[in-house]
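Please read them with the structure open.

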Amino acid sequence: MAVDAETVRRVARLARIAEPEARLDPLAREISGILGWIEQLNEVDVDGVEPMATAVHATQPLREDVVTDGGDPARVLGNAPRSDDGFFVVPKVVE
Amino acid sequence: MTDTLIQGRTGPWEIVLGLEVHAQVASRAKLFSGAAVGFGAGPNAQVSTVDAGFPGMLPVLNRFCVEQAVKTGLGLNAQIHRTSRFDRKNYFYPDLPQGYQISQLYHPIVGEGALEVERDDGSTFTVGIERLHLEQDAGKSIHDMDPHSTYVDLNRSGTALMEIVSRPDMRSAEDAAAYVRTLRTLLRALGTCDGDMEKGNLRADVNVSVRRPGEGLGTRCEIKNVNSFRFIMQAIEYEARRQVEILEDGGKITQETRLFDPGRGETRSMRSKEEAHDYRYFPDPDLLPLVLEEAWIEEIRASLPELPAARRRRFAEQYGLTAYDAGVLTAEDERATFFERAAGARNAKLVANWTVNDLLGRLSAEDRGIAESPIAPEALGELVGLIEDGTISSKIAKTVFDKLWAGEGSAREIVEREGLVQVSDTGALEAAADKLIAANPEKAEAVKTKPQAIGWFVGQVMKETGGKANPAVVNAVLRARLGID
């Protein structure tokens, strides 16, 4: 599967990664190469094989409905570049 | 249903509505973390490092939330999927610290079901349920605390939501509101969601499209996050009219997400870029598939209470109530329990009248629920018993009701203390009637040609006895005395 510069621009934007215009074509080639390599897997016949969700044979662990966490805003806000009055503060978002 | 069509300049249009209801699970802790769920806590006081999207934090699913989703699915007569999965819905927003919402796009926990909805007039219709899935709520962005910044509170982040998606089976704003009302009643009866719309614990996204009757579906617009019955109806009415006007002017509807502005009563485009809808869903590698044991599902099924629709039918059949009274009395669990305790072996229709008209009327005037009624169900039952056995008239019962409300003792005590027992003693009433006829010969003469004029005499005797006379006996005595039979 080949990826073009336009797709790279779009994916980068969706991931909020700034990519200079000059990097788009080289990236498109790199990503196409990676996808092509992975596509070799398509050669394996998986007819009738259930999709595998995990390599571990475990069941989904469940927690009881008990409050065991939270109650420490200072800890949660500790790494925030800006906070005020218990809130995270970020650049203005419209809508 | 023709009356629900919109009359445009070029002919009638039909509205087609489907709803996505987000119901907050009534759990103590969040869907994937041990932080508390609640309303009114200080900012970021109910946030764990999982909810704040700290690196390396792993989600662990809350068993109770799974159980509530299954319970709701069973209440909707829906397929329960033995295996379901969680997916990541990716988008960037400051109140979504993970950078994705954990949801269930491909394999939801609950599949197809149906809900029978009752309108105010007692008629019913069925709304198909497409699916119910579990997902995380986002945090809250506050835009008006600072002109240059947005403030973020993550208390809601990670709270468990059940998203209940309906088929586009509704054709009017009233029916959409009736659907949400019925769904809310069901959720409350099941105890899976408290249904508090003011706190945002139940909110709806409304999909609106219009078409010529009989034609295929038109292009729809989705109105996000409408959180009251009134707003749901207003948003639909406005949006349908807007679409009809565009189409009649020869335009086309653009599929988009819109917001309802309650202040202006209109919907407006969210101006979102196209790519905002590219959520790049993929299975969440942090979570294993959720596999439900049949035994657990059966255990949950066995724990279901009597559901509102079944109870409504039972009330109508067993107690002979009108569809309206049965609907009102089964709209809330507490009401139904109150009524059944008050009714006992008494005249159930009479008990229903007093509960619906007098008690609920008075409570709602004071903005209180039936759980806060100053009159216990047994006390109201006793009052109705006194009417039934002829001890007091319905009119006197109103007075006794007021005193019951004020906490002045039991109905029987009040009646005895205040001497309110109905006078059925023919002798006393005959004397009063004779006196009245003697004093008003011309009126007595008039009754002979105009029998309905007897009402005046009945009124006078009732007044004379302070309302305590048995109206049926008064009527009989007067008819005999005035010679009209």
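1. Two strands count as paired here if DSSP finds at least two bridges between them. By that rule β3(A) and β10(B) form an antiparallel pair, with 4 bridges. One residue pair to look at is Pro91(A), which stands opposite Ser149(B) in β10(B). The model is predicted, and this pairing should be read as part of a prediction.

2. On confidence, the predictor assigns the complex an ipTM of 0.88 and a pTM of 0.82. Chain B has an average pLDDT of 91, and 98% of its residues score at least 70.

3. Within chain A, 2 bridges connect β2(A) with β3 (residues 87-91), and the two run antiparallel. There, Asp84(A) has Phe87(A) in β3(A) as its bridge partner.

4. What does chain B bring to the contact with chain A? In total, 40 residues of chain B are in contact with 32 residues of chain A. On the chain B side, β3 (61-62), α1 (63-75), β10 (149-153) and β17 (290-291) are the elements that give two or more residues. β10(B) gives the most, with 5 residues. By residue class, the chain B side that touches chain A divides into 21 nonpolar, 12 polar and 7 charged.

5. Strand β11 (residues 160-166) of chain B has 5 of its 7 residues buried, so the strand is largely enclosed by the rest of the structure. It pairs antiparallel with β2 (residues 11-24) of chain B through 5 bridges, where Glu20(B) stands opposite Val165(B). β11(B) also pairs antiparallel with β8 (residues 124-136) of chain B, through 7 bridges; in this case Ile129(B) has Ser166(B) as its bridge partner.

6. The largest nonpolar core has 65 residues, among which Ala176(B), Val206(B), Ile232(B) and Ile236(B) touch the most other members. Helix α2 (residues 173-190) of chain B supplies the largest share of this core, 11 residues. Leaving out residues up to four places away in sequence, Ile232(B) touches Ala176(B), Ala177(B), Val180(B), Ala204(B), Val206(B) and Val226(B). A second, separate core of 35 residues includes Ala331(B), Phe338(B), Ile392(B) and Val400(B).

7. Is Cys193(B) buried or exposed? This residue lies in the loop between α2 and β12 (202-211) of chain B. With a cut-off of 20 or more other C-beta atoms within 10 Å, Cys193(B) counts as buried because it has 26. Apart from neighbours within four places in sequence, its contacts include Ala23(B), Gln24(B), Val25(B), Ala26(B) and Met162(B). Cys193(B) and Ser27(B) are 166 residues apart in sequence, yet their C-alpha atoms are 8.4 Å apart.

8. On domains, the assignment for chain B gives domain 1 (2-300), domain 2 (308-417) and domain 3 (426-482). Taken over C-alpha atoms, the centres of domain 1 and domain 3 of chain B are separated by 65 Å.

Terms used. Residues are numbered from 1 along each chain as its sequence is written. Chains are lettered from A and ligands numbered from 1 in the order in which they are written. This is a predicted model: local features need pLDDT of at least 70, side-chain atom pairs count only at pLDDT 80 or more; totals for chains, interfaces and linings use all residues. A residue is buried if 20 or more other C-beta atoms lie within 10 Å of its own, exposed if 12 or fewer, and partly exposed in between; C-beta atoms are placed from the backbone. pLDDT is the predictor's confidence in each residue, from 0 to 100. Two residues are in contact if their C-beta atoms, placed from the backbone, lie within 7 Å. Ala, Val, Leu, Ile, Met, Phe, Trp, Tyr, Cys and Pro count as nonpolar, Asp, Glu, Lys and Arg as charged, and the others, Gly among them, as polar. A nonpolar core is a set of buried Ala, Val, Leu, Ile, Met, Phe, Trp, Tyr and Cys residues joined through C-beta atoms within 7 Å. Domain bounds come from an automatic or database domain assignment.
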